[in-house]
Amino acid sequence: MDPVHDVLIIGGGIAGLSLASELADRRGSGAGIVLAETEPALAHHTSGRSAEQLIPSYGPEPVRELTAVTVAGLLDPRPVPPRPLAWPSRMVLVGTGAELRAEAVPGLQGLSRAALAELCPELACSPPEAVAGGLLDATSVRTDAAALVARHRDRATAAGARILTGAPVTAAEPDGEGWRATAGGQRIRARHVVVAAGAWADEVAGRFGAAPLGLRPLRRTAALVRLARPLAPEHPMVVAAGWYYRRAGDGALVSPSEAVPSEPCDAQPVLEDVEDLVARLNAVTSLGATGIERAWTGLRTEAPDGVPVCGPDPDVPGLLWLAGQSGYGFQTSTAMARAAADLLLDGTVGPWCSRDTAEALDPGRFRRGPGHPVPPLP
């Protein structure tokens with residue numbers, strides 16, 4: 001008889017790896033934890049294509065609460081990692097007066113057009129009807145996505161967690177103690193299954209008998225471009241409706257901020273979209289973008305209401321969702337992993353998270369009601 005593991009986590013992006021690391025840390029051992037990733041490498045899809053900017057003012061209220069928890073942990077990690085996981089890096093939102101009023105949340109500092117031009121000189125030539133001023137988020141931070149992924153992987157495996165790559169889950173069935181699944185040709189028995197499969201979450205959960213939540217993969221492209229003049233090292237990230245850019249060495253990372261529905265896939269950039277973005281940026285700024293060095297595309301998987309999903313399935317015992325992080329994956333990762341671990345270990349999200357946010361994450365909101373209680377792990 002195959003041994004029964006405590007948890008099978010499906011998905012090796014930032015969501016699944018964060019949870020494996022959190023569980024191993026909380027229990028003092030990763031024994032009993034198995035993570036299965038379809039691709040031959042971890043963080044192959046969206047988690048490997050991050051803009052690496054965490055913005056506490058970005059997203060609906062539950063996301064902002066989760067982001068605050070995550071950012072605090074990354075700025076003051078325990079134990080201290082060999083290289084920083086995050087560091088302060090301001091963000092400024094620009095747009096028309098109406099756009100800025102619609103995006104204003106507590107903590108943002110309003111900037112006049114003159115103050116904005118002093119902070120970002122390349123915007124001094126922007127049409128006033130398009131850029132009336134800005135909103136500054138001085139709490140925004142940059143993160144080293146690769147370092148964070150490696151930290152979670154190393155903490156989990158050092159504690160004894162098993163990480164399988166090239167291991168798609170192709171079959172699953174309930175048994176007397178939870179689930180029996182086939183991943184990469186290996187049979188795995190587990191008391192609990194966590195679906196952290198990003199764009200494939202609905203599809204993977206369906207193999208365990210769960211109805212889809214309506215998660216939507218949305219394509220988003222980014223590119224590295226050359227600039228006529230480098231931006232200052234302290235230059236903030238600049239975000240507008242339809243584009244953003246931030247300093248990247250002597251050039252810039254830019255994005256058209258598109259959200260185009262897509263099938264789950266290894267998304268690839270549309271060159272025309274990037275070329276059009278460069279033309280638009282040169283029309284409204286003095287960046288002087290002169291060429292595209294590299295472009296890539298990821299899929300931001302969004303729940304129908306735009307809030308991530310973390311909680312037990314309403315109809316399938318032993319199945320927990322950890323998905324739908326949309327563009328908030330890295331900036332909510334620590335808090336989402338903490339919430340999922342709370343559910344697995346204690347059966348409820350702890351008081352560090354507001355009740356409103358815990359309820360907002362529950363996948364039962366899309367179906368008949370609250371999920372099955374989660375029996376605590378041994």
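Which handedness, left or right, does the crossing of α1 and α8 have? The crossing of these two helices is right-handed. The model described here is predicted.

**Helix packing around α1**

- Helix α1 spans residues 14–27 and helix α5 spans residues 145–158; their axes come within 8 Å and cross at roughly 40 degrees.
- The crossing of α1 with α5 is left-handed.
- On the α1 side of this contact stand I14, L17, S18, A20, S21, A24 and D25, which meet L148, V149, H152, R153, R155 and A156 of α5.
- Helix α8, residues 329–346, packs against α1 at an angle of about 50 degrees, and the two axes are 8 Å apart.
- This angle makes α1 oblique to α8.
- In contrast to the left-handed passage of α1 by α5, the crossing of α1 and α8 is right-handed.
- The α1 residues that meet α8 are I14, S18, L19, E22, L23, R26 and R27.
- Their partners in α8 include G329, F330, S333, A337 and R338, and also A340, A341, D342, L344, L345 and D346.

**T332 in helix α8**

- T332 is found in helix α8.
- With a relative accessibility of 0%, T332 counts as buried.
- Leaving aside residues up to four places away in sequence, T332 touches V63, L66, T67, T70 and Q325.

**Aromatic pairs**

- The structure holds three aromatic pairs.
- In one of them, W179 and F208, the ring centres are 5.1 Å apart and the planes stand at 80 degrees, so the pair is edge-to-face.
- The pair links distant parts of the chain, as W179 and F208 are 29 residues apart.
- W179 belongs to strand β11 (residues 178–183), whereas F208 lies in the loop between α6 and β13 (216–227).
- W179 counts as buried at 6% relative accessibility, and F208 counts as buried at 4%.

**D202 in helix α6**

- D202 lies in helix α6, which covers residues 201–206.
- Its relative accessibility is 16%, so D202 counts as buried.
- The side chain of D202 reaches two backbone nitrogens: that of G214 at 3.1 Å and that of L215 at 3.0 Å.
- Beyond residues up to four places away in sequence, D202 touches P212, L213, G214, L215 and W321.

**V94 in strand β5**

- V94 is found in strand β5, residues 91–95.
- V94 is buried, with a relative accessible area of 3%.
- The C-alpha atoms of V94 and L136 are 8.9 Å apart in space, while the two residues are 42 places apart in sequence.
- Not counting residues up to four places away in sequence, V94 touches L100, L116, L123, V131, G133, G134, V238, V239, A240 and W243.

**An exposed loop residue**

- G107 lies in the loop between α3 (97–103) and β6 (109–111).
- G107 is exposed, with a relative accessible area of 69%.
- From G107 to V34 the C-alpha distance is 40 Å, and the two are 73 residues apart in sequence.

**Features of the backbone**

- Most residues other than glycine have a negative phi, and most peptide bonds are trans.
- R78 and P79 are joined by a cis peptide bond, with omega about -5 degrees.
- P79 is placed in the loop between α2 (61–75) and β4 (86–88).
- A43 is a residue other than glycine with a positive phi, near 50 degrees.
- The place of A43 is in the loop between β2 (33–36) and β3 (53–54), and A43 counts as buried at 15% relative accessibility.
- S326, also not a glycine, has a positive phi near 50 degrees.
- S326 sits in the loop between β20 (319–323) and α8, and counts as buried at 11% relative accessibility.

Methods. Residues are numbered from 1 along each chain as its sequence is written. This is a predicted model: local features need pLDDT of at least 70, side-chain atom pairs count only at pLDDT 80 or more; totals for chains, interfaces and linings use all residues. Side-chain values use heavy atoms; hydrogens and water are left out. Helices (H or I, at least four residues) and strands (E, at least two) are DSSP runs, numbered from the N terminus. Buried means under 20% relative accessible area, exposed over 50%, partly exposed in between (1.4 Å probe, protein chains only). A polar contact is a pair of N or O atoms within 3.5 Å; within protein, one must be able to donate a hydrogen and the other to accept it, and residues adjacent in sequence count only if both atoms are side-chain atoms. Contact means heavy atoms within 4.5 Å. Rings of Phe, Tyr and Trp (its six-membered ring) pair if their centres lie within 6.5 Å; planes under 30 degrees apart count as stacked, over 60 as edge-to-face and the rest as tilted. Axes are lines fitted to C-alpha atoms, for helices over the stretch in contact, and angles run from 0 to 180 degrees between N-to-C directions. A crossing is left-handed if the near helix is turned anticlockwise from the far one by less than a right angle, and right-handed if clockwise. Angles under 35 degrees count as roughly parallel, over 145 as roughly antiparallel, 65 to 115 as roughly perpendicular and the rest as oblique.
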